[in-house]
Amino acid sequence: MFLHWHSGPGVRVPGTAIAADLPRRRPATIPVTHYYDAKRACRKCGRPFLFFAEEQKHWYEALAFPLEADCLECPPCRKDERKLRTLHRQYDALLARADRSEADTLELVKCALQLLESSVFTPKALPQLRALLRPLLADASGPRHAEATALLSRIKGIAA
Ligand SMILES: [Zn+2]
């Protein structure tokens, strides 16, 4: 008998079973002997995707995730999520830098704008971004002036 967790008929894809490596898994209340490719709908964008049997094996065995952990988002949404996390870390690091150069400031504002456009940041962050750009905008002959001006119009676009 093939036993599987939270993927009843209509959810599991027939013919995709791979054996669970039982000794490596944590003791579970649900006995699991096999993983199947499982149909899912992304909670973020609603697109259907497959939570592959191989992926499940990796999650529950190599990564030792609890069996209750389910894959809720499709691969593109998960990729976006990772990208935004990286961007946020980059933003925090640049913000914390005491000896921030003009190039760093531009990078910082660019990170913040992407996070704003992805709704991670709210428009409340806009005045701070304007303040960061102000010194670069003050000197019209400065080497970073053109880039700072372009960022300012992006800020105005969001604020509008
Ligand atoms: Zn999605």
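Is Cys 74 buried or exposed?

*Solution.* Cys 74 has 2% relative accessibility, so it counts as buried (under 20% relative accessible area; exposed is over 50%, partly exposed in between, with a 1.4 Å probe and protein chains only). Cys 45, at 37%, counts as partly exposed.

Before going on, note that this is a predicted model, where local features need pLDDT of at least 70 and side-chain atom pairs pLDDT 80 or more, while totals for chains, interfaces and linings use all residues. Residues are numbered from 1 along each chain as its sequence is written, and side-chain values use heavy atoms, leaving out hydrogens and water.

**Exercise 1.** Find the protein donors of the zinc ion and describe the site.

*Solution.* Step 1: look for donors (N, O and S atoms within 2.8 Å of the metal, or 3.2 Å for Na, K and Ca). You will find the SG atoms of Cys 42, Cys 45, Cys 74 and Cys 77, at 2.2 to 2.4 Å.

Step 1: check the angles. They run from 105 to 115 degrees among the 4 donor atoms, making the site tetrahedral (for four donors, all angles between 85 and 135 degrees).

Step 2: read the spacing along the chain, which is C-x2-C-x28-C-x2-C. Cys 45, in the loop between β3 and β4, and Cys 74, in the loop between α1 and α2, are 29 residues apart.

**Exercise 2.** Describe how helices α2 and α3 pack.

*Solution.* Step 1: locate α2 at residues 75-96 and α3 at residues 102-117 (helices are DSSP runs of H or I, at least four residues; strands are runs of E, at least two).

Step 1: compare their axes, which lie 9 Å apart at an angle of about 145 degrees (lines fitted to C-alpha atoms over the stretch in contact, with angles from 0 to 180 degrees between N-to-C directions).

Methods:
Tetrahedral: all angles 85-135°; square planar, octahedral: opposite > 155°, others 65-115°.
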